[in-house]
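Hi,

Here is the structure I promised to pass on. Have a look at it first, and then read my notes below.

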Amino acid sequence: MTEFEAISNHIINGNEDKVAELTQKAIDEGLEPNDIIQKGLINGMNQVSQKFKDEDMFVPEVMISAQAMKTGIELVNPLLTKEETSLKGRVLLGTVAGDLHNIGKNLVRIMMESAGFEVIDLGTDVEPKEFAEAVKEYKPDILGMSALLTTTIQQMQKTMGALKKEELRDSVKIMVGGGPVTPDFAEEINADFWAQDAVAAKSAALELVE
Ligand code: B1M
């Protein structure tokens, strides 16, 4: 078993101490921080997602796994932020109204920060009006919206409406992502970019500000 697989397995088992121990070991051995995140921590959480879908795991276990992943990410995060230091731009990030999922959004934040962006994270359950007000206040280069529920993706469209109403739409690039969000949907609501995962979000952000 590779070290990455071992980290993934302990995410699935929800063994936070083991995740911390193995993540630290991987760091000490000089493994690539991005690989530790992608092949170990995120891979484990993706398997948890699948098990949740298949009803092999339930909400309390998922929360324990998510906590274990967070602990691992916190260990790797300082290494990522040292990779590049010059400020690339400002990103405003949030999970849309009615949606409390924040694990994916938090990964997007970490990746953006690692690329040298300043990230203002509005958290979860962000109303269209709040997004618009924050765009007015912080003047970000990019507004990133995350949604994990088919019932909440329409909030992205409503946010586009709120931005238009305040004549802010053209002042900011819009990136959308999260499980039910597709490239077609992104195009339909006139977003500038769709990203499948946190690494793609980081690359897209770098492209958008170039
Ligand atoms: Co919820 N949940 N959940 N949940 N949950 C899903 C999303 C679900 C698919 C599970 C299922 O039934 N198969 C389902 C949605 C079904 C649907 O809408 N079609 C669902 C449901 C139904 C619910 C509740 C309604 C359950 C209930 O109460 N009956 C409820 C809703 C609460 C609410 O939000 N109002 C609920 C609650 C919860 C928990 C609180 C238990 C917990 C969230 C904990 C937290 O976030 N702090 C939870 C979890 C953990 C999940 C699953 C299992 C895992 C999500 C996750 O964190 N994945 C999820 C199942 C699944 O996704 N298959 C599920 C790991 C994460 C790394 O991936 O979030 O996809 P992800 O993020 C990725 C990409 O999507 C992308 O990059 C990230 C990193 O690579 N990405 C972006 C995300 N945002 C992006 C933004 C970008 C770019 C890329 O640009 C800005």
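How many bridges join strand β4 to β5? Two, and the strands β4 (residues 173-177) and β5 run parallel. Before going on: this is a predicted model, where local features need pLDDT of at least 70, side-chain atom pairs count only at pLDDT 80 or more, and totals for chains, interfaces and linings use all residues. Residues are numbered from 1 along each chain as its sequence is written, and side-chain values use heavy atoms, with hydrogens and water left out.

**The sheet.** β4 and β5 belong to an open sheet of five strands, in the order β2-β1-β3-β4-β5, with parallel pairing. (Strands are DSSP runs of E, at least two residues; helices are runs of H or I, at least four; both are numbered from the N terminus. Two strands pair if DSSP finds at least two bridges between them.) At the edges sit β2 (117-121) and β5 (193-194), each pairing on one side only. In β5, Trp 194 stands opposite Val 176.

The ligand's cobalt atom has His 101 (NE2) as its only protein donor, at 2.2 Å. Donors here are N, O and S atoms within 2.8 Å of the metal (3.2 Å for Na, K and Ca); water is not among the atoms, so sites may look incomplete. You'll find His 101 in the loop between β1 and α5 (103-114).

**Lining by class.** The largest pocket is lined by 26 nonpolar, 16 polar and six charged residues. Ala, Val, Leu, Ile, Met, Phe, Trp, Tyr, Cys and Pro count as nonpolar, Asp, Glu, Lys and Arg as charged, and the others, Gly among them, as polar.

Cheers
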